[in-house]
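Hello,

Here is the model for you to open. My notes on it follow below.

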Amino acid sequence: MDADQDRALNEGAAQPVIRIRSVTRRFGATAALDGVDLDIGRGEFFCLLGASGSGKTTLLRAIAGLETLDSGSILVDGEDVTGWPAYKRPVNMMFQSYALFPHLTVEKNVAFGLREEGCPRDEIRGRVQTALDLLEMGALGARKPHQLSGGQRQRVALARALVKRPKILLLDEPLAALDKKLRERAQAELVSLRERTGITFVMVTHDQEEAIGMASRIALMRDGKLVQVGGPRDLYDAPNSCYVADFFGAANLFAGTIADVSGGVATVASPDAGADLRAAADGEMPAGAAVTVMVRPEHIRLSRERPVQGGVLHARVTALAFLGSSYACELALPAGKLVRARLSPLEFEAAGRPAQGEFAHLWWEPAAARTLSQ
């Protein structure tokens, strides 16, 4: 993210269009939402991320007015909409199934909400055509849903949501039904659409890569609570817990205790690694404190020859896979801990092309690893 995007993100966060305060929603003894507090900035592409049952879809439905809260409030543009029915809120929701009417044409599907509101016929025609043209569907208005591809049906559902000119567009796993190539194209289209319309997008997903590629900010949820909220780089590079580190991308985690901290680098005695590890020290870390060292697979370096530096581990390559743009390696340390590494083709060549069953040395730059409190 460049400096202009950072500045725009900070300005958006300072002007929240959605304010969620102490929101709780229970189903029997289970708290689907447990005292959630969250601000979403105007014009953001905000992602609610989490595993099944984390509460992300319940929170999206609460914003839409489709869930009755047990406590708490939701404000949109400064107005408390907590008791408002869904049809009165300045939001629109696109469901995972798209929910198109099979007997109606594309144009009539998009126009349905406006007709229900009693808009004049000429206004409906103009707004429908504008929405379809925005999504490059203007020439397909006479077709019915069964005559469209999966990607085209998705665009119709988006046009139907956008035609009502909502302040906020809510997206419930909108790309789940698309194949990989179409999903990647749709991701770029959604980001571009938000930039062109200025509408605030709030999207639910369980796909970390999808969230990283699309969101300006992400809220990771677990058991009805927010675990960490921040930009994609914040959650990836600076997770606040082992759960975030492991959920948000692949991570190697080594339990241990602080042996020493010097010059911003912590030395951690780790039984997992069977050696002392080095990592960037986050905050005050007294000797003896229990921590976990996190290092991402792409920061692992390999060599057949032992490099002249500290913190080098000896391991055996147990699995190797060529992924096109990279090599995925799994290595076993003498203590039994498995380490995942991801090397570019150039890095793999420089490492001497280690083969499965062979031994290699592995290490990382201390600044590339983080110390997380246990």
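**Confidence first**

The chain has a mean pLDDT of 89, and 95% of its residues reach 70 or more. (pLDDT is the predictor's confidence in each residue, from 0 to 100.) Over residues 1-12 the pLDDT is below 50, and this stretch has 8 contacts in the model beyond near neighbours in sequence. Contact means heavy atoms within 4.5 Å. Where pLDDT is low, the predicted coordinates should not be read in detail.

This is a predicted model, so local features need pLDDT of at least 70 and side-chain atom pairs count only at pLDDT 80 or more, while totals for chains, interfaces and linings use all residues. Residues are numbered from 1 along each chain as its sequence is written, and side-chain values use heavy atoms, with hydrogens and water left out.

**The sheet**

Helices (H or I, at least four residues) and strands (E, at least two) are DSSP runs, numbered from the N terminus. An open sheet is formed by 4 strands in the order E2-E1-E4-E5, with antiparallel pairing. Two strands pair if DSSP finds at least two bridges between them. E2 (30-41) and E5 (79-80) stand at the edges with a single partner strand each, so one side of each has no neighbour in the sheet.

Helix H2 (residues 56-64) packs on the sheet and touches E1 (16-27), E2 and E4. The direction of H2 makes about 65 degrees with that of E2. (Axes are lines fitted to C-alpha atoms, for helices over the stretch in contact; angles run from 0 to 180 degrees between N-to-C directions.)

E1 and E4 pair over 5 bridges, in the antiparallel sense. Ile18 stands opposite Val76 in E4. E4 (residues 71-76) pairs with E5 over 2 bridges, also antiparallel. Here Leu75 stands opposite Asp80 in E5. E4 and E5 form a hairpin with 2 residues between them. Asp77 in that turn has a positive phi of about 55 degrees.

**Two helices**

How do H3 and H5 pack? H3 (residues 106-116) and H5 (residues 150-162) meet at an angle of about 30 degrees, with their axes 7 Å apart. They are therefore roughly parallel to each other; angles under 35 degrees count as such, over 145 as roughly antiparallel, 65 to 115 as roughly perpendicular and the rest as oblique. Val106, Asn109 and Val110 of H3 make the contact with Val156, Ala159 and Arg160 of H5.

Best wishes
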